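Please keep the sequence and the model in view while reading.

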Amino acid sequence: MNRLFGSKPAGPKPTLNGAITNIDARIASVDTKLKAINGELSAYQEKLARMRDGPGKQAVKQKALKVLQRRKAYEAERDKLEGQVWNMEQAQGMQDNLKNVMTQVDAMKTTNKELRRQYGKIDIDKIESMQDDMADLLDMGNDIQDSLARSYDVPDEVDEAELDAELEALGMEQELEHEFAGGVPGFLQDEVVPEFVDEPPQTEDKVKQVAG
């Protein structure tokens, strides 16, 4: 049966990361060979520079050409391997992006389901009723404030002429209080005594002494 249909492969399935790692190892091996070839070519170049033209030099040159051909073959192989790595890295990037997209889609589905569940608990009619109650309470509070701020003794209409008269009377009272603040009216302070008066008028202190 195994010869006809084959056997089930053992071990985990290959991944892009594993394939990239394997190819990177092959590229490293090719780089090692290229380094050795470059050293060999340098030795041939130095040897050819010291040799004179002739059959010996021509033989060394042929060997150098063969080494150069090998280097070109390894360089071509290295370019192919790097191209494969590049393609697999691009595919891996697309795969990672797809995984991220799927993760985001799953997260959005979960969020959408949770929002529907949360919004299902909210009754919009109750919210509207609560808003109406709040508006009524605010109106009631404004009415209470207006009632508390109402004045009792101030009439609605005041005669401006009466206000002017009262202000003028208050001004005169303040002037009189200021005049009598020192105990002697202003018209008696620093009064010049006429020449025909023998004695100057008594001050407040002398009046108090006499009264005492």
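Helix 2 and helix 3 cross with a left-handed sense; a crossing is called left-handed if the near helix is turned anticlockwise from the far one by less than a right angle, and right-handed if clockwise. Helices here are DSSP runs of H or I with at least four residues, strands are runs of E with at least two, and both are numbered from the N terminus. The model is a predicted one, in which local features need pLDDT of at least 70 and side-chain atom pairs count only at pLDDT 80 or more, while totals for chains, interfaces and linings use all residues. Residues are numbered from 1 along each chain as its sequence is written, and side-chain values use heavy atoms, with hydrogens and water left out.

The axes of this pair come within 9 Å and cross at roughly 160°; they are lines fitted to C-alpha atoms, for helices over the stretch in contact, and the angles run from 0 to 180 degrees between N-to-C directions. Helix 2 and helix 3 are therefore roughly antiparallel, a label given to angles over 145 degrees.

What makes up the largest nonpolar core? Eight residues form it: Ile-20, Ile-23, Ile-27, Val-30, Leu-34, Leu-81, Val-85 and Met-88. Such a core is a set of buried Ala, Val, Leu, Ile, Met, Phe, Trp, Tyr and Cys residues joined through side-chain atoms within 4.5 Å. Helix 2 (16-50) and helix 3 each supply at least two residues of this core, and the largest share, five residues, comes from helix 2. Apart from it lies another core of seven residues, including Leu-41, Tyr-44, Ala-64 and Val-67.

Leaving aside residues up to four places away in sequence, Leu-34 touches Arg-71, Tyr-74, Glu-75 and Arg-78, where contact means heavy atoms within 4.5 Å. Gln-92 lies in helix 3 (residues 55-119) and, its neighbours within four places in sequence aside, is in contact with Leu-16, Asn-17 and Ile-20. Gln-92 counts as buried because its relative accessibility is 18%; buried means under 20% relative accessible area, exposed over 50%, and partly exposed in between (1.4 Å probe, protein chains only). Lys-61, also placed in helix 3, counts as partly exposed at 41% relative accessibility.

Buried residues make up 8% of its 212 residues. Among contacts with a separation of 6 or more, 67% join residues 24 or more positions apart.

Technical notes:
Parallel < 35°, antiparallel > 145°, perpendicular 65-115°, else oblique.
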